[in-house]
Amino acid sequence: MGRADEDVRAPRDISLIVDLFDLAENLPANQRLLGLDLGTKTIGLALSDVMLTIASPLETIRRTKFTADAEQLLALCARHEVGGLVLGYPLNMDGSKGPRAQASESFARNLQRLSDLPVALWDERLSTAAVTRTLLEADASRRRRAEVVDKMAASFILQGALDRLGYGR
């Protein structure tokens with residue numbers, strides 16, 4: 001028996017950070033994927049349809065502390081019947097891991113302590129730049145861009161993953 005101050009939860013035998021195809025293959029019927037664009041101040045969110053073909057911007061969470069952010073995220077997952085997460089993985093242009101990629105890995109590992117939702121890391125290089133360019137081309141104001149860029153980037157990330165799944169079937 002463990003002491004009261006010890007964490008006596010059984011260690012997880014498997015990692016919930018998974019390959020994108022494994023995530024989709026093991027997704028229960030009629031479950032969606034949630035795409036995340038993890039920033040230092042916000043988390044952009046996008047939701048797939050149940051057929052895993054279309055990503056739509058959902059909302060942006062203002063980051064506070066990890067536990068509060070995770071609770072808000074997991075509540076949205078429950079509300080929208082999400083069966084897995086696609087987390088943007090901002091690798092450097094040469095493919096190496098920088099501080100932001102390490103922060104994404106850390107976020108995924110910490111989330112595993114609170115949820116059994118599997119997480120796939122998806123290369124998101126230049127996603128925010130692509131979305132910003134699109135918003136500029138649409139003549140969106142600076143204020144409007146600031147309001148939507150994170151959830152649009154999450155949608156861009158998730159759509160890339162969904163497109164890859166579609167080509168892999």
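Is Phe107 buried or exposed? At a relative accessibility of 4%, Phe107 counts as buried, where buried means under 20% relative accessible area, exposed over 50% and partly exposed in between, with a 1.4 Å probe and protein chains only.

1. Basis of the note. This is a predicted model, in which local features need pLDDT of at least 70 and side-chain atom pairs count only at pLDDT 80 or more, while totals for chains, interfaces and linings use all residues. Residues are numbered from 1 along each chain as its sequence is written, and side-chain values use heavy atoms, with hydrogens and water left out.

2. Strand E3 (residues 42–48) and strand E4 (residues 55–62) pair in the antiparallel sense over seven bridges; two strands pair if DSSP finds at least two bridges between them, and helices (H or I, at least four residues) and strands (E, at least two) are DSSP runs numbered from the N terminus. Thr42 stands opposite Arg62 in E4, and among the six residues between the strands of this hairpin, Leu52 takes a positive phi near 60°.

3. The aromatic pair. A search of the whole structure finds one aromatic pair, a term for rings of Phe, Tyr and Trp (its six-membered ring) with centres within 6.5 Å, called stacked if the planes are under 30 degrees apart, edge-to-face if over 60 and tilted otherwise. The rings of Phe66 and Phe107 have centres 5.4 Å apart and planes at 80°, so this pair is edge-to-face. Because Phe66 lies in helix H2 (residues 66–79) and Phe107 in helix H3 (residues 99–112), the pair ties together parts that are 41 residues apart in sequence. Phe66 is partly exposed, with a relative accessible area of 23%.

4. The nonpolar core. A nonpolar core is a set of buried Ala, Val, Leu, Ile, Met, Phe, Trp, Tyr and Cys residues joined through side-chain atoms within 4.5 Å. The largest one has 20 residues, of which Leu34, Leu36, Leu45, Leu73, Leu85 and Phe107 touch the most other members. Strand E2 (32–38), E3, H2, strand E5 (82–89) and H3 each supply at least two residues, and H2 gives the most, with five.

5. Around Leu85. Leaving aside neighbours within four places in sequence, Leu85 is in contact (heavy atoms within 4.5 Å) with residues including Leu34, Leu36, Cys77 and Leu111.
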